[in-house]
Amino acid sequence: MSNSIKYSSTRGGESSLSYEDVLLSGLARDGGLFMPEEWPQFSHSDLNEMKHLNYAELSAKIIRPFVEPCLSENELLNISKDTYSVFNKDVAPLYQLNKNLHVLELFHGPTLAFKDYAMQFLARAFNQALNKRAEKGVILGATSGDTGSAALEAFKGKENIDIFILFPHQRVSSVQQKQMTWINERGAYALSVKTDFDGCQEIVKDCFEDLKFKDETSLSAINSINWVRLLPQIVYYFYSALKIGAPDKEIVFSVPTGNFGNILAGWMAKKIGLPISKLICGSNQNDILTRFFNNGLMERKNVLPSYSPSMDIQVSSNFERLLYEINDRDTNKVKQQMKDFKNTGNFEITKNQLININKLFSAHMISDNETIEIINKVYIDHNYILDPHSAIGYGAVQKALENNIISKDMSVISLACAHPAKFPEIISKSINIMPKIPSHLETIMNSKEYFDVIEPSINNIQNFIKSNKRN
């Protein structure tokens, strides 16, 4: 492998870009997503050595090959240390439910959701890159709930960055909305858009594909369409797997999945050397991914509001990266399939391609009623409270066991992606108990809200950005 990994677009329009280029670009100019042109490899002995590292050191070790030479080893370690200094002492603790099943708690950052792990890193990486270039930037992102609060929290107060977050009007939880809208700082804006998450995401993509607007505003992305958003998410797969026996045994991961970024980070962890035997994809009733992994047809339907709003998605943007690999990096094929999906709402892969990806992936849908039952059962059996998204990950494990996709003697880690206090109404409905609210969240819930309600058009969004961004 070369000393410097380069990046290219899944649609073939750009290649040989550096880490810093893809960080600041976000989306490729041809509408594609960036992927590395080669992958680093960590050996069995490398993984054994990683067991002795703390979280920040492990983060620097894993991310380093992807960012050289733009960031030195020392710069990267400093960013990692600063990033995870705002988390609880145990950055990503494991809670053991039974002999072979652990819950990985990814809600110990500032906004109590897994998005903090990537967003806190990304804000520092952006700041460093822009300072180095003496430039300013505009961040535009869409959120189905947790990304927006994590992004606004991480990027607020940065003098060289303005951030604009679109969230679907009246389709996020009250806590998720408050975590975005309590922020009242110049350069940090939450916009409630009268559409669903897919509508917000489409406006973001359209803004990036308007190259004149992108260039004149120095636009960049913090959604997981930005390659660098995914890098810190690989780390907790390694961190947790190494704690329970990797690399000497294979691990199963179950991931509540909406936009496909979190589970793709698991696929990437396997790609670079972590022994993962199965990635279980948990869907709510917006089950486009479950249907795809079952029949090979990606078919968009209407978004249905659910008890797990962060997963109310019918366009999983990150899936294009896996599609690129499924198609053996044939950019023309990817471009055609994404065009078909935009125009007709569907595309299909071959039977052999489906057989190959299902060697690693397994997908299961958990309904709202099942979500309530799971939260209740886990609380009764283990005195442990899962939020509704984390319950879907746990439920998908149970369905994989029932269908003999995995066995009871396999080591399983189910990702818990948000603190239950973020969804008090659903928890109360499930177990008749209101979850304890952390003190800093209580302060936020008692704060005034600052946000604009806006109609879902690209012109409205672009005009708002141009009117409010700092020069």
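Tutor: Strands (E, at least two residues) and helices (H or I, at least four) are DSSP runs, numbered from the N terminus. This is a predicted model, where local features need pLDDT of at least 70, side-chain atom pairs count only at pLDDT 80 or more, and totals for chains, interfaces and linings use all residues. Residues are numbered from 1 along each chain as its sequence is written, and side-chain values use heavy atoms, leaving out hydrogens and water.

Now the sheet itself: it's open, with five strands in the order β8-β5-β6-β7-β15 and parallel pairing. On average, neighbouring strands are turned by 30 degrees against each other, direction ignored; the axes are lines fitted to C-alpha atoms, for helices over the stretch in contact, and angles run from 0 to 180 degrees between N-to-C directions.

Zoom in on β5 (residues 137–142): three bridges join it to β8 in the parallel sense, and leucine 140 stands opposite alanine 221 in β8.

Then the helices. Helix α6 (residues 146–155) packs on the sheet and touches β5, β6 (161–168) and β7 (188–193), where contact means heavy atoms within 4.5 Å. The direction of α6 makes about 165 degrees with that of β6. Helix α8 (residues 197–209) lies across β5, β6, β7 and β8, and runs at about 150 degrees to β5.

Conventions:
Pairing = 2+ DSSP bridges.
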